Amino acid sequence: MSPILAIVLLVLVGLVLLLLEVLVIPGTTVAGIIGFLLLGGGIWMAFDSFGTNGGLIAIAATLVALGPVFFLAFRSRTWNKLMLKENIESKVDSFEGFVPSVGDKGIALSRLAPMGKVIINDREYEARAQNSYIDEKSTVEVINVESNKIIVKLKS
């Protein structure tokens, strides 16, 4: 394989991996790191095979290619098929119907460590222990009710 073909392949595969990193894969991943390393390897190979002038030409060509490649990729509808387009607009509902009040008493259905199930006023809720673990079948008291959270303490 000729050095020019190897350099071009390294740079092209590096550009493709960088495009995947930017447009498809969230966060910094192996694809971006490998893409960056392949671009560097192609440029290093150009310096090694063709000297300083060849290496500088490889750097310039890579930088010149980056602009149009990213421009076309952002403009292209091909990438739209791979990208996530859904927005999650749902939310956790607060309590349905009856809302427990501060001071209501109930029974722990499971161990609250710190979260667990409780029965308050004949309804089952998920609750959080205030500051300690509460054993199953213990009597609990509601000390705070937030939008969808019940905070309880052990009833003494």
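Author: Helix H2 supplies eight residues to the lining of the largest pocket, which is the largest share. The model is a predicted one. The space in this pocket amounts to about 220 Å³. Its lining consists of 13 residues, and those closest to the centre are Ile7, Val8, Val11, Ala58 and Ala61. Two elements, helix H1 (3–23) and helix H2 (30–75), each give two or more residues to that lining.

The backbone geometry concerns the loops between the strands. Most residues other than glycine have a negative phi, and most peptide bonds are trans. The peptide bond from Ala113 to Pro114, however, is cis, with omega near -10°. Pro114 lies in the loop that runs between strand E1 (105–108) and strand E2 (115–120).

Asp122 is a residue other than glycine with a positive phi, near 65°. Asp122 is placed in the loop between E2 and strand E3 (123–129). Its relative accessibility is 78%, and exposed means over 50%, so Asp122 counts as exposed.

Lys137, likewise not a glycine, has a positive phi of about 65°. This residue is found in the loop between E3 and strand E4 (139–145). Lys137 has a relative accessible area of 68% and is therefore exposed by the cut-off of over 50%.

Conventions: Residues are numbered from 1 along each chain as its sequence is written. This is a predicted model: local features need pLDDT of at least 70, side-chain atom pairs count only at pLDDT 80 or more; totals for chains, interfaces and linings use all residues. Side-chain values use heavy atoms; hydrogens and water are left out. On a 1 Å grid over the protein atoms alone, a cavity is a set of points where a 1.4 Å probe fits but cannot get out, and a pocket is an open set with protein on both sides within 12 Å along at least five of seven lines; lining residues have an atom within 4 Å of a point. Grid points are joined across faces, edges and corners, and a volume is the space filled by probe spheres set on the points. Helices (H or I, at least four residues) and strands (E, at least two) are DSSP runs, numbered from the N terminus. Buried means under 20% relative accessible area, exposed over 50%, partly exposed in between (1.4 Å probe, protein chains only).
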